[in-house]
Amino acid sequence: MAETTTPRVVRTYLNELERALAGVSAEVSQGLVAGIAEELDGLDAAAAASRIEELGDPAFIAAEAREGMGAAPMETEPVQPVAAGSQRWYVVLTVVLLAFGGLVLPFFGWLVGVAMLWASPVWSRRDKLVATIAPVAAGVVVSGILAIVSSFASQGLLAWHMLALGLVGVPFFAAVLVSISLLRRGWLRAV
């Protein structure tokens, strides 16, 4: 094939194919390049570009050649280790701390769960915001309502129980509901 009459698209494709076939036996590599060069010989640039598109990416052809030889595929990118924040055990631990951490270690256990939640790539920003704000907001709203109601009621023990329910019970219940949703979403996205 004459270099001057060969369209640039063909020369580029064959050069990319030769580079992609690095590590494949010389016999197989030369045979593939010669066969494809023969197939593209005599085509004008437009026809050659169309045929090249049908042939596919040189890296794919090289991978097929390696597979046919029984060789392990060449890695183009280093394998990244899976982050702890995207594993299922991490998802479960985070959700348990968000739901029940505040009961085991008052407030601190829940804060650890929130920190783990924000460190994980498994959940979206929206999930993280809802899980952080919903229990606190529910507690504040219900406590405010109960404080107003109790100011009109007798100032007995019942008013303090209602206020405690608003400050502790409602946020706990909200945290459990949010945690169930987070567990479902996180379990599906985790490795």
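**Entry 1: overview**

I began with burial: of the 191 residues of the protein, 31% count as buried. I took buried as under 20% relative accessible area, exposed as over 50% and partly exposed as in between, with a 1.4 Å probe and protein chains only. This is a predicted model, in which local features need pLDDT of at least 70 and side-chain atom pairs count only at pLDDT 80 or more, while totals for chains, interfaces and linings use all residues. Residues are numbered from 1 along each chain as its sequence is written, and side-chain values use heavy atoms, with hydrogens and water left out.

I then listed the elements and found 8 helices and 0 strands. From the N terminus on, they run α-α-α-α-α-α-α-α. Helices (H or I, at least four residues) and strands (E, at least two) are DSSP runs, numbered from the N terminus.

I also looked up contacts, meaning heavy atoms within 4.5 Å. Among contacts with a separation of 6 or more, 63% join residues 24 or more positions apart.

**Entry 2: the nonpolar cores**

I looked for nonpolar cores, each a set of buried Ala, Val, Leu, Ile, Met, Phe, Trp, Tyr and Cys residues joined through side-chain atoms within 4.5 Å. Which residues have the most contacts inside the largest nonpolar core? They are Val-10, Tyr-13, Leu-14, Leu-17, Leu-21, Ile-36 and Leu-40, in a core of 17 residues. The elements that give two or more residues to this core are α1 (8-20), α2, α3 (45-55) and α4 (58-69). The largest share, 5 residues, comes from α1.

I noted another core lying apart from this one, of 12 residues, among them Val-91, Val-95, Trp-110 and Trp-123.

I went back to Ile-36 and left out residues up to four places away in sequence; Ile-36 then touches Tyr-13, Leu-14, Leu-17, Leu-55 and Ile-61.

Two packed helices are described by the angle between their axes and the distance between the axes. The axes are lines fitted to C-alpha atoms, for helices over the stretch in contact, and angles run from 0 to 180 degrees between N-to-C directions.

I found α1 and α3 packed at an angle of about 30°, with their axes 8 Å apart. The two helices are therefore roughly parallel to each other; angles under 35 degrees count as roughly parallel, over 145 as roughly antiparallel, 65 to 115 as roughly perpendicular and the rest as oblique. Val-9, Val-10 and Tyr-13 of α1 make the contact with Ala-45, Ala-48, Ala-49, Ile-52 and Leu-55 of α3. By class, I recorded 8 nonpolar, no polar and no charged residues there. Here Ala, Val, Leu, Ile, Met, Phe, Trp, Tyr, Cys and Pro count as nonpolar, Asp, Glu, Lys and Arg as charged, and the others, Gly among them, as polar.

I turned to α2 and α3, which pack at an angle of about 140°, with their axes 10 Å apart. Ile-36, Glu-39 and Leu-40 of α2 meet Ala-48, Arg-51, Ile-52 and Leu-55 of α3. This contact divides into 5 nonpolar, no polar and 2 charged residues.

**Entry 3: α5 and α6**

How do the axes of α5 and α6 cross? The axes of α5 (residues 88-104) and α6 (residues 108-119) come within 7 Å and cross at roughly 150°, and the two helices are therefore roughly antiparallel. I noted the crossing as left-handed: the near helix is turned anticlockwise from the far one by less than a right angle, whereas clockwise would be right-handed.

On the α5 side I listed Tyr-90, Leu-93, Thr-94, Leu-97, Leu-98, Gly-101 and Gly-102. Their partners in α6 are Gly-109, Trp-110, Val-112, Gly-113, Val-114, Met-116, Leu-117 and Ala-119. The contact has 10 nonpolar, 5 polar and no charged residues.

**Entry 4: single residues**

Is Thr-6 buried or exposed? Thr-6 sits in the segment before α1 and is buried, with a relative accessible area of 8%. I found Thr-6 and Ala-45 8.4 Å apart in space, C-alpha to C-alpha, and 39 residues apart in sequence.

Ser-29 is in helix α2 (residues 26-40). I read a relative accessible area of 14% for Ser-29, which is buried. Leaving aside neighbours within four places in sequence, Ser-29 is in contact with Leu-21 and Val-24.

I ended in α7 (residues 125-152), where Val-136 lies. Val-136 is partly exposed at 44% relative accessible area. Val-136 and Ala-174 are 38 residues apart in sequence and 8.6 Å apart, C-alpha to C-alpha. Leu-146 is also found in α7, but counts as buried at 14% relative accessibility.
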